[in-house]
Every structure is written in structure tokens, then in C-alpha cells.
Amino acid sequence: MADPSFFVGIVGNIISILVFASPITTFRRIVRNKSTEDFRWLPYVTTLLSTSLWTFYGLLKPGGLLVVTVNGAGAALEAAYVTLYLVYAPKETKAKMAKLVLAVNVGFLAAVVVVTLLALHGGARLFAVGLLCAALTIGMYAAPMAVMRTVVKTRSVEYMPFSLSFFLFLNGGVWSAYSLLVKDFFIGVPNAVGFVLGTAQLALYAAYRKKTKTVVVLKGGGGEAAATEGEADGDEEEGVARLVGQVEMAQRRVRLHKGLSLPKPALMPSPRNGLGLGLGHSIVKSLSATPVELHSVLHHHGLGRFEAVKKDDVEAND
């Protein structure tokens, strides 16, 4: 009968590869937008180093084939992610990241391999590399904590993909079980930490997935108007109606600012002057329009554009 640890290890391989593959959606977005936006690059650099060292550990460890296969595949995927991030990152970020990649993923990794093979012997090799791998794996699991802080601060899970959090949770649990079966605590301790952090990320996702808020400001001709679109699951029509009211107020401020106490009759929408299908009609119609349609109407009449602002700035303007 086959060792149960082998089957658990196979399941761990499948789940881990899914974890390594989960950022593919993120990098499709980066390539499509030609921008890294607010996505963090440190987790990919950390994971690349970790998977490279775990591959080396599996080669040193007797019966470490399953460790080699999963981490070899992970290292290849992470190398691709790091390369894509370097291609689309801003210049300052690109320079900083490139220096760290050369220092850590090339220089440090090469130094570990050389020192381990030349200066250490027997069980000391496995112990030194295993200890280093465990520490780096904890760092890999802890790296998304920066994203967790962003979620709490912005009350949005946009930059914390659910699939990644879910598979980190599963991955930590399965490899913790595997470590107990093979009595390898270098594998067990960091994955137990990953299991706890994965659970915390899922809890954050459940708490904030419906609380994303968007605050926009309308600028045009020296006037300003701000409105809150509301929660993602809130009443969209109420947000649009409020925005339309703010638009009308902004128009009046612009006209008064230019010294016009009253708008010229020719500018008033009416069937006579041909403006019956103009701005006035568009604003009335926009009460039942989507935010995208409203933006199109306002841009067509030259009233400005939407820009994201902080909620504190909106409250200050009020």
C-alpha cells in the first residue's frame, strides 16, 4: 500500500501550482493596461527566492521529489511574473526592483548554493537550507499583509484577489498535514503560519467585499462639484440623482463667476432655439442613465471630467 504522505503530497502539488498560477489574471490586467497600477511587486520577488531555495532543499533531501516538482514549477511561474512586472513598472520602481532581483534572486541564491555545497557536509546542509527556506516561506506568506492593510484602509478588496487568498488557505493546510506525515518541521511551521494568514485574508474579504466606495469630483470652467457614488451594493440611482444636482449647481457658479447674473435666453433649452435635445434635456434624461452615460453627456457639453478624490476632500468642500 502506498504511503499516505505521497497522496497528500500530490494534492499539495496541485493546490500549490494553482496558488502559483492564481496571479495570471492579475498579470493579464497589467499587460492589457500596460501598467502595474497599485499591485505590489515584493511578494513575487520573495516567492521566487523561496521556491528556488525549496527546489534546492528538495534536491538535497532524500525522497524530496514532490518538493522539487512543485517548487520547480513555482519558480518558473514566479520568474515570468517578475519579468512582466519589470516590463510594465514605472521607471523608479523598475530600477529599485531590478537591483533587488539581481541582489537577492541571483546573487544571494548563488551564494547559498556555493556555500552549502563547499562549506557544509551531511546533515548540516539540509538543516541550514531547511532553516533558511522556512524563514523565507514565512516571509512569502507575510508579504500579502501589506495588501491586507490596504484593504482595511480603503475598505476595498480590489487589490486582494479572492482566488489567491483561498488557495493560500488550502495550501497552508495541506502542506501542514504533509509535514506531520513525513515529520519535516521545516515544511510544517511556515505552512501553519500560511494557513492562519490565509484564514485572516478570507475573513477580510468577507468583511469588505461589499463596501467598496467610489468618490468622484466634477471640474469644469472654474466650478467644482463632488458626489459619492455610494457603496457597490447601494442605490445607484440615488447617487446619480445627487450628482446631477451637483452638476446644475456647478453650472450656476460658473455663470455667476463670469459676471452673468442670468443665463442668456439663447442658452435656455427650448424647441425654438433647437436646444430641446441639448444639455437641459440630457440632464433630465440622465436621472435614469448609468454613470458612464452621464459622463458621456457632460463631456459632450464641455463641462469637464471625473477625477478620483479622497473622501476627506469631499467632506472639506461641503
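**Which residues of α6 are buried?** That was my opening question. I'm working from a predicted model, so I keep that in mind throughout. Going along helix α6, I noted V129, G130, C133, A134, L136, T137, M140 and Y141 as its buried residues. I recalled that an α-helix has 3.6 residues a turn, so residues three or four places apart point the same way. I also looked up the span of α6, residues 123-142. Its 20 residues reach 29 Å from the first C-alpha to the last, close to the 28 Å expected at 1.5 Å a residue.

**Stepping back.** I wanted the overall picture next. The protein has 13 helices and 3 strands. Of its 318 residues, 37% are buried. I then looked at contacts with a separation of 6 or more, and 72% of them join residues 24 or more positions apart.

**T116.** I found T116 in helix α5, which covers residues 91-119. Is T116 buried or exposed? T116 has a relative accessible area of 4%, under the 20% cut-off, so I wrote it down as buried. Leaving out residues up to four places away in sequence, I listed its contacts as F56, L60, R125 and V129. V129 was already in my notes as one of the buried residues of α6.

**α4 against α5.** I stayed with α5 and checked how it packs with α4, residues 65-88. Two packed helices are described by the angle between their axes and the distance between the axes. For this pair, the axes come within 8 Å and cross at roughly 150°. That is over 145 degrees, so I call α4 roughly antiparallel to α5. The crossing of α4 and α5 is left-handed. Which residues make the contact? From α4 I have V82, Y85, L86 and V87, and from α5 I have T93, K94, M97, A98 and V101. Sorted by class, that contact has 7 nonpolar, 1 polar and 1 charged residues.

**L48.** I picked L48 next, which lies in helix α3. Its relative accessible area is 10%, so L48 goes down as buried too. What does L48 touch? With residues up to four places away in sequence set aside, I get A75, E78, A79, V82 and N105.

**S35.** S35 sits between α2 (24-33) and α3 (42-60). Its relative accessibility is 29%, so I noted S35 as partly exposed. Beyond residues up to four places away in sequence, S35 touches I30 and Y88. I checked P90 as well: P90 is 55 residues from S35 along the chain, and their C-alpha atoms are separated by 7.9 Å.

**α7 against α9.** My last pair was helix α7 (residues 145-154) and helix α9 (residues 185-208). At what angle do their axes cross? I have roughly 20°, with the axes coming within 11 Å. That is under 35 degrees, so α7 counts as roughly parallel to α9. This crossing is left-handed. On the α7 side I listed M145, M148, V151 and V152, which meet L197, A200, Q201, L204 and Y208 in α9.

How values were computed
Residues are numbered from 1 along each chain as its sequence is written. This is a predicted model: local features need pLDDT of at least 70, side-chain atom pairs count only at pLDDT 80 or more; totals for chains, interfaces and linings use all residues. Side-chain values use heavy atoms; hydrogens and water are left out. Axes are lines fitted to C-alpha atoms, for helices over the stretch in contact, and angles run from 0 to 180 degrees between N-to-C directions. Helices (H or I, at least four residues) and strands (E, at least two) are DSSP runs, numbered from the N terminus. Angles under 35 degrees count as roughly parallel, over 145 as roughly antiparallel, 65 to 115 as roughly perpendicular and the rest as oblique. A crossing is left-handed if the near helix is turned anticlockwise from the far one by less than a right angle, and right-handed if clockwise. Contact means heavy atoms within 4.5 Å. Buried means under 20% relative accessible area, exposed over 50%, partly exposed in between (1.4 Å probe, protein chains only). The expected span of a helix is 1.5 Å times one less than its number of residues. Ala, Val, Leu, Ile, Met, Phe, Trp, Tyr, Cys and Pro count as nonpolar, Asp, Glu, Lys and Arg as charged, and the others, Gly among them, as polar.
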